[in-house]
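Subject: The model you asked about

Hi there,

Here is the structure I promised to pass along.

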Amino acid sequence: MSLSEERIISVIGSGLIGRSWAMVFLSGGYRVKIYDNQSGQALKAAQEVRKQLDELQQAHMLRGDSSAAEQFSLLSSHDDLAQALEGAFFVQECVFEELEAKRSVFQEVESHVGESVILSSSTSCLLPSHIFSRVQNKTRCIVSHPVNPPYYVRLVELVPHPETVPVVMESTHALMTRVGQSPARLRKEVDGFALNRVQYAVIAESWRLVKEGIISVQDIDLVMTEGLGMRYAFIGPMETMHLNAPEEAPAGKGLGDYLQRYKDGMRKVLSSFGPVPEFSGEEAKAITQEMCELIPNDQQHLSTRRERRDQLLMGLSKLKK
Ligand SMILES: NC(=O)c1ccc[n+]([C@@H]2O[C@H](COP(=O)([O-])OP(=O)(O)OC[C@H]3O[C@@H](n4cnc5c(N)ncnc54)[C@H](O)[C@@H]3O)[C@@H](O)[C@H]2O)c1
Ligand SMILES: *[C@@H]1O[C@H](CO)[C@@H](O)[C@H](O)[C@H]1NC(C)=O
Ligand SMILES: *[C@@H]1O[C@H](CO)[C@@H](O)[C@H](O)[C@H]1NC(C)=O
């Protein structure tokens with residue numbers, strides 16, 4: 001038995017994200033105990049994980065070195081919190097995105113675990129200093145924000161509480177790397193973390209361009225999928241600038257040259273950006289209608305498109321490896 005097989009991670013909350021985390025940790029050879037406060041829910045989640053692991057194995061997309069059956073044998077489901085936390089060195093919370101729920105979960109979790117156990121939250125937008133307000137030892141607290149679906153989209157944003165000690169950030173980073181995720185460290189907390197701040201900047205400008213009648217909903221999405229997105233799966237905005245300048249540039253190569261050539265142009269365009277959109281009223285109605293004409297918003301159409309998304313992401317994550 002390898003060392004990691006002796007180590008236990010508790011997943012608190014067995015919804016969409018709890019199940020995904022369980023699968024990611026299982027693929028790294030960790031024992032996973034999954035808990036939900038709704039009785040029977042953790043068991044249902046475990047059965048769902050079993051099904052998904054088998055399907056992934058059949059599709060040759062299973063992560064990790066061991067079989068679906070071996071990975072599943074490391075999973076247990078619990079209706080009792082104390083039992084679910086017993087022996088864990090790391091706790092990943094995945095309950096509803098409600099401040100009060102997370103606060104009380106962490107308060108209770110802390111009363112059941114030893115002092116060196118790391119307390120980690122999956123929150124998408126609540127700040128660590130709010131979530132962990134009732135934890136006594138905040139030095140061990142961190143946000144590990146996954147991207148849906150975490151099995152194919154490997155980024156995890158690690159966001160410290162102001163009191164989090166460096167060793168907790170480093171241990172979490174090492175754990176996430178070991179299970180095959182791609183952790184990015186934030187040095188301090190900020191609303192939206194990094195991913196959503198960038199995402200909202202993209203959404204806001206796309207929205208303004210459609211609202212102002214400059215481009216259609218369909219075509220602004222093409223700008224991303226057939227343009228920027230082609231690069232961004234492999235090189236980020238910083239490297240894009242660094243690589244973009246011509247080889248023999250007088251000001252030297254790379255980013256420095258890019259800035260010299262393009263900074264005025266960038267600033268001119270950026271200063272023409274409009275205010276934060278309302279995302280409501282007439283403009284929202286019109287844009288929603290245009291979107292629904294492309295993809296009707298009934299359950300069936302949306303599920304089909306979500307399945308397509310997950311299939312494509314699966315292929316892309318394979319390609320990136
Ligand atoms: N869904 C996403 O795309 C996504 C992406 C990144 C992060 N997140 C974050 O992950 C967290 C979970 O999201 P989700 O989509 O899995 O939600 P979900 O509603 O699918 O699952 C939440 C689960 O937590 C359980 N639960 C609620 N309160 C609990 C408690 N006090 N103790 C134990 N279990 C409890 C519920 O019974 C449910 O099974 C949220 O903080 C969310 O913001 C979600
Ligand atoms: C589980 O906890 C949530 C808060 O996170 C609460 O709203 C819900 O009522 C609880 N469910 C049960 C069955 O206790
Ligand atoms: C607080 O947590 C840190 C990090 O896990 C741990 O090293 C330390 O011993 C804890 N302190 C107390 C007083 O429990």
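What follows is a short tour of what I found in it.

Please keep in mind that this is a predicted model.

**The overall picture**

The protein chain has 13 helices and eight strands. Its C-alpha trace spans about 60 × 50 × 40 Å along the principal axes. Of the 321 residues in the chain, 39% are buried. If you take the contacts with a separation of 6 or more, 66% of them are between residues 24 or more positions apart.

**The sheet**

The eight strands form an open sheet in the order β3-β2-β1-β4-β5-β6-β7-β8, and the pairing is mixed. At the edges stand β3 (75-78) and β8 (182-185); each has a single partner strand, so one side of each is left without a neighbour in the sheet. From one strand to the next, the twist averages 25 degrees.

As a reminder, strands of a sheet pair through backbone hydrogen bonds, either parallel or antiparallel. You can find an example of each here. Strands β1 and β2 are paired in the parallel sense, over five bridges, and S10 has K33 in β2 as its bridge partner. Strands β6 (residues 141-146) and β7 (residues 155-160) run antiparallel and are joined by five bridges; there, P146 has V156 in β7 as its bridge partner.

How many of the residues of β1 are buried? Five of the five are, so β1 is largely enclosed by the rest of the structure. Both of its faces are covered, with I8, S10 and I12 buried on one side and I9 and V11 buried on the other.

Helix α1 (residues 16-27) lies across several strands, namely β1 (8-12), β2 (31-35), β3, β4 (88-93), β6 and β7. Relative to β2, α1 runs at about 170 degrees.

**Two crossing helices**

Next, please look at α10 (residues 237-244) and α11 (residues 255-270). Their axes come within 7 Å and cross at roughly 105 degrees. Angles of 65 to 115 degrees count as roughly perpendicular, and α10 and α11 are therefore roughly perpendicular to each other. At the contact, M241, H242 and N244 in α10 meet L255, Y258 and M266 in α11. The residues of this contact divide into four nonpolar, two polar and no charged.

**Aromatic residues**

There are eight aromatic pairs in the structure. One of them is Y151 with Y152, an edge-to-face pair at 5.7 Å centre to centre and with 90 degrees between the planes. Both Y151 and Y152 are buried.

Another is the tilted pair of Y258 and Y262, at 4.7 Å centre to centre and with 50 degrees between the planes. Where do Y258 and Y262 sit in relation to one another? They are four residues apart in helix α11, which means that about one helical turn separates them. Y258 is buried, with a relative accessible area of 12%, whereas Y262 is partly exposed, at 37%.

Besides these pairs, you will find one aromatic cluster formed by W21, F25, Y30, F89 and F90.

**Spots in the loops**

Most residues other than glycine have a negative phi, and most peptide bonds are trans.

- The peptide bond from N148 to P149 is cis, with omega near -10 degrees; P149 is in the loop between β6 and β7.
- H60, although not a glycine, has a positive phi of about 55 degrees. H60 lies in the loop between α2 (41-58) and α3 (68-72) and counts as exposed, at 66% relative accessibility.
- F279 also has a positive phi, near 55 degrees, and is a residue other than glycine. F279 lies in the loop between α11 and α12 (281-294) and counts as partly exposed, at 38% relative accessibility.

One more loop residue is S216, between α8 (195-211) and α9 (217-232). With 26% relative accessibility, S216 counts as partly exposed. Leaving aside neighbours within four places in sequence, which residues is S216 in contact with? They are V210 and E290. S216 and E290 are 74 residues apart in sequence, yet 8.2 Å apart in space from C-alpha to C-alpha.

Technical notes:
Residues numbered from 1 in each chain as written. Chains lettered and ligands numbered in written order. Predicted model: local features only at pLDDT ≥ 70, side-chain atom pairs only at ≥ 80, totals over all residues. Heavy atoms only, no water. Pairing = 2+ DSSP bridges. Axes fitted to C-alpha atoms, helices over the stretch in contact; angles between N-to-C directions. Contact = heavy atoms within 4.5 Å. Parallel < 35°, antiparallel > 145°, perpendicular 65-115°, else oblique. Nonpolar A, V, L, I, M, F, W, Y, C, P; charged D, E, K, R; others polar. Phe/Tyr/Trp six-rings, centres within 6.5 Å; stacked < 30°, edge-to-face > 60°. Buried < 20%, exposed > 50% of the residue type's maximum accessible area, 1.4 Å probe, protein only.
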